[in-house]
Amino acid sequence: QVQLVESGGGLVQPGGSLRLSCAASGSIVIINDMGWYRQAPGKQRELVATITSGGSTNYADSVKGRFTVSRDNAKNTVYLQMNSLKPEDTAVYYCNAEIWPSLVSTLPYNYWGQGTQVTVSS
């Protein structure tokens, strides 16, 4: 019953900032990589940023220098700080995590949040 719940989306003007949060809850043994993806209307879902359990990060070229991904392992939470937002950043942002859900699991599984809307408009 692992769940990922995103929060922090909303409407912001170009150049503004938002901070997204994603908290994992339920049956969790270990969380490996966590990340953020986004999907704009009529487009495919794309990777935004990822972070390993050790804190190594990776970003899409389109957000480098503007977005920062971080995590709080004690809270099973990943964050996405978004600065200098552009209209092209408008999308539904989804949290993803690779999780070992129980001691009897043979493999980790990827889980997805429900998404949070980010709209950048003047």
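A salt bridge is defined here as a side-chain nitrogen of Lys or Arg within 4 Å of a carboxyl oxygen of Asp or Glu. By this rule, the structure contains four salt bridges. The structure is a predicted model, in which local features need pLDDT of at least 70 and side-chain atom pairs count only at pLDDT 80 or more, while totals for chains, interfaces and linings use all residues. Residues are numbered from 1 along each chain as its sequence is written, and side-chain values use heavy atoms, with hydrogens and water left out.

The overall architecture may be considered next. The protein chain has zero helices and 11 strands; helices (H or I, at least four residues) and strands (E, at least two) are DSSP runs, numbered from the N terminus. The radius of gyration, taken over C-alpha atoms, is 14 Å, close to the 14 Å given for 122 residues by the globule rule, so the chain is as compact as a globular protein of that length. That rule is 2.2 Å times the number of residues to the power 0.38.

Of the 122 residues, 40% count as buried, where buried means under 20% relative accessible area, exposed over 50%, and partly exposed in between (1.4 Å probe, protein chains only). In soluble globular proteins, nonpolar side chains tend to be buried together. A nonpolar core is a set of buried Ala, Val, Leu, Ile, Met, Phe, Trp, Tyr and Cys residues joined through side-chain atoms within 4.5 Å. The largest such core has 29 residues, of which Trp36, Leu80, Met82 and Tyr93 touch the most other members. Several strands each supply at least two residues of this core, including E4 (30-39), E8 (77-82) and E9 (91-100). Strand E9 gives the most, with five residues.

Charged residues also deserve attention. Side chains of opposite charge can pair when their charged atoms come close. Arginine 38 forms a salt bridge with glutamate 46 (2.7 Å, N to O) and another with aspartate 89 (2.9 Å, N to O). The latter pair links distant parts of the chain, 51 residues apart: arginine 38 lies in strand E4, and aspartate 89 in the loop between E8 and E9. Both arginine 38 and aspartate 89 are buried, whereas glutamate 46 is partly exposed, at 36% relative accessibility. Salt bridges that share partners join Arg38, Glu46, Arg66 and Asp89 into one network.

Elsewhere, aspartate 61 and lysine 64 meet in a salt bridge (3.1 Å, N to O). Aspartate 61 is exposed, at 65% relative accessibility.
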